[in-house]
Amino acid sequence: VRFPEDLEDDNTTFNPEYSHQVFGDDYDRLSICFIQYKLQYYIPKYYTTLQIGYTSKVNEKFDCVEADDVESKIREIIPPGFCTNTDDFVSLLEKEVNFKPFGMLLHTYSIHNEEAGEDITYQIYKADMTCPGFREYHERLQTFLMWFIETASFIDVDDERWNYFLVFEKYNKDGATLFATVGYMTVYNYYVYPDKTRPRVSQMLILPPFQGEGHGAQLLETVHRYYMSSPTVLDITAEDPSENYVKLRDFVLVKLCQDLHCFSPGKLMQGFSQEMVMEAQQKLKINKQHTRRVYEILRLRATDMGDAEQSRSYRLDVKRRLIGPYKKKQRELAKMRRCLRPEELTNQLNQIDLNMQHEQLEESFQQLVSDYRRVLERLAQA
């Protein structure tokens with residue numbers, strides 16, 4: 001919600017994806033009536049109203065069943081001070097018109113909005129808990145994690161090793177410059193002996209109304225560029241990344257690496273090299289594992305897959321990496337032959353179907369190439 005008229009606009013409404021993280025899986029199994037809970041967020045500072053309605057409620061005719069306290073579950077994740085009626089919420093909209101982003105401006109970019117018929121400006125800031133009012137703002141903003149990131153949890157904001165990166169939309173109304181929060185990322189700075197740090201992306205969320213517009217790529221690239229300038233940063237990683245995050249990271253890292261000397265077409269066709277690992281790590285803070293994926297994506301772009309020899313060379317190169325876990329199984333099998341009794345060995349061999357392993361390897365390769373092509377298509381449109 002930006003303005004009072006938005007309260008009745010269905011276009012500003014969206015549904016949560018992971019309600020079970022708040023209410024528990026049993027709610028899907030035991031629901032007896034329809035419950036509607038409505039959360040309204042004032043978009044700059046995320047002040048909140050909570051309204052709950054239901055069609056009916058269990059009573060004494062249901063033996064040994066008590067009505068679940070839905071509101072208390074939501075209260076556990078929403079900071080105190082939220083409104084319970086629209087009038088109080090509207091009064092907040094009228095008071096908080098002078099909101100300014102927290103922290104230090106890192107990057108400004110524009111995206112053309114077809115519906116508005118104009119370019120809209122966005123800004124990315126780095127903030128921390130020393131910024132006045134940021135702690136309270138973050139407490140409200142982080143509630144979105146529980147609705148939209150699976151297995152999400154709140155972080156310890158008193159730990160000074162956390163960094164916060166926020167995306168804001170900048171817009172005008174009645175001559176005033178206003179800001180709306182688009183999304184944010186939290187990064188934890190791990191210590192690496194003896195004098196380095198390894199920033200690890202913990203949480204990243206672009207709010208649903210802004211998804212699909214390229215903000216995630218802008219945010220991740222900005223964060224990478226921020227840490228790239230620090231001589232104390234070893235490399236940048238992510239904590240338990242989702243499939244969507246891996247695809248986003250592939251795109252951003254390929255975009256950053258494609259102009260490096262070691263990733264020129266001639267170098268790519270010679271195979272993965274230590275030179276690539278060193279240059280990507282020193283200049284862009286990318287670790288070896290991620291550099292290998294970048295190499296495979298850029299080599300795919302440099303390879304004529306219609307040429308039988310080039311195609312075969314690329315396939316074998318990628319499969320040599322993918323076959324690692326299968327070779328580990330073979331080494332384990334060799335140990336079994338020496339150590340296990342015949343009946344035990346037979347049982348283990350039944351679990352290792354070599355033909356199935358080859359099928360799985362080919363399937364993994366084809367899926368990887370499909371993912372890589374999507375990265376290259378997006379890169380061509382950027």
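Close-up 1. K267 touches H261, C262, E275 and M276, where residues up to four places away in sequence are not counted and contact means heavy atoms within 4.5 Å. The residue belongs to helix α9 (residues 265–268), with helices (H or I, at least four residues) and strands (E, at least two) taken as DSSP runs and numbered from the N terminus. K267 is partly exposed, with a relative accessible area of 26%; buried means under 20% relative accessible area, exposed over 50%, and partly exposed in between, with a 1.4 Å probe and protein chains only. The C-alpha atoms of K267 and Y295 are separated by 10.0 Å, although these residues are 28 residues apart along the chain. This is a predicted model in which local features need pLDDT of at least 70 and side-chain atom pairs count only at pLDDT 80 or more, whereas totals for chains, interfaces and linings use all residues. Residues are numbered from 1 along each chain as its sequence is written, and side-chain values use heavy atoms, with hydrogens and water left out.

**Close-up 2. The whole protein, as context for the other views.** The protein contains 15 helices and 8 strands, and buried residues make up 43% of its 382 residues. Of the contacts in the protein with a separation of 6 or more, 65% are between residues 24 or more positions apart.

**Close-up 3. The largest nonpolar core.** This core has 92 residues, and those with the most contacts inside it are F134, Y137, M185, L219 and F263. Domain 1 (104–301) and domain 2 (304–381) both contribute residues, so the core lies between them; the domain bounds come from an automatic or database domain assignment. A nonpolar core is here a set of buried Ala, Val, Leu, Ile, Met, Phe, Trp, Tyr and Cys residues joined through side-chain atoms within 4.5 Å. A second, separate core of 8 residues includes C83, F89, V90 and L93. Around L219, with residues up to four places away in sequence left out, the residues touched are I124, F165, V167, Y184, M185, M204 and I206.

Close-up 4. H138 is placed in helix α5 (residues 134–141) and counts as buried at 2% relative accessibility. Leaving aside neighbours within four places in sequence, H138 is in contact with M129, I155, V157, Y164, Y184 and T186. H224 is found in helix α7 (residues 215–228) and is likewise buried, with a relative accessible area of 3%. Not counting residues up to four places away in sequence, H224 touches I236, L253, L256 and L284. The C-alpha atoms of H224 and I286, which are 62 residues apart along the chain, are separated by 9.1 Å.

**Close-up 5. Packing of helix α8 against helix α11.** The axes of α8 (residues 243–257) and α11 (residues 288–302) come within 9 Å and cross at roughly 75°; axes are lines fitted to C-alpha atoms, for helices over the stretch in contact, and angles run from 0 to 180 degrees between N-to-C directions. The two helices are therefore roughly perpendicular to each other, given that angles under 35 degrees count as roughly parallel, over 145 as roughly antiparallel, 65 to 115 as roughly perpendicular and the rest as oblique. V246, R249, D250, L253, V254 and C257 in α8 meet H290, R293, V294, I297 and L298 in α11. These contact residues divide into 7 nonpolar, 1 polar and 3 charged, where Ala, Val, Leu, Ile, Met, Phe, Trp, Tyr, Cys and Pro count as nonpolar, Asp, Glu, Lys and Arg as charged, and the others, Gly among them, as polar.

**Close-up 6. Packing of helix α11 against helix α12.** α11 and α12 (residues 308–322) pack at an angle of about 170°, with their axes 11 Å apart, which makes α11 roughly antiparallel to α12. R292, Y295, E296, R299, L300 and A302 of α11 form the contact with Q310, S313, Y314, D317, V318 and R321 of α12. The residues of this contact comprise 5 nonpolar, 2 polar and 5 charged.

Close-up 7. Most residues other than glycine have a negative phi, and most peptide bonds are trans. The peptide bond from Y193 to P194 is cis, with omega near 0°, and P194 lies in the loop between β6 (176–192) and β7 (196–206). T151, which is not a glycine, has a positive phi of about 60°; T151 is located in the loop between α6 (143–148) and β5 (162–173) and is exposed, with a relative accessible area of 66%. D174, also not a glycine, has a positive phi of about 55°, is found in the loop between β5 and β6, and counts as exposed at 77% relative accessibility.
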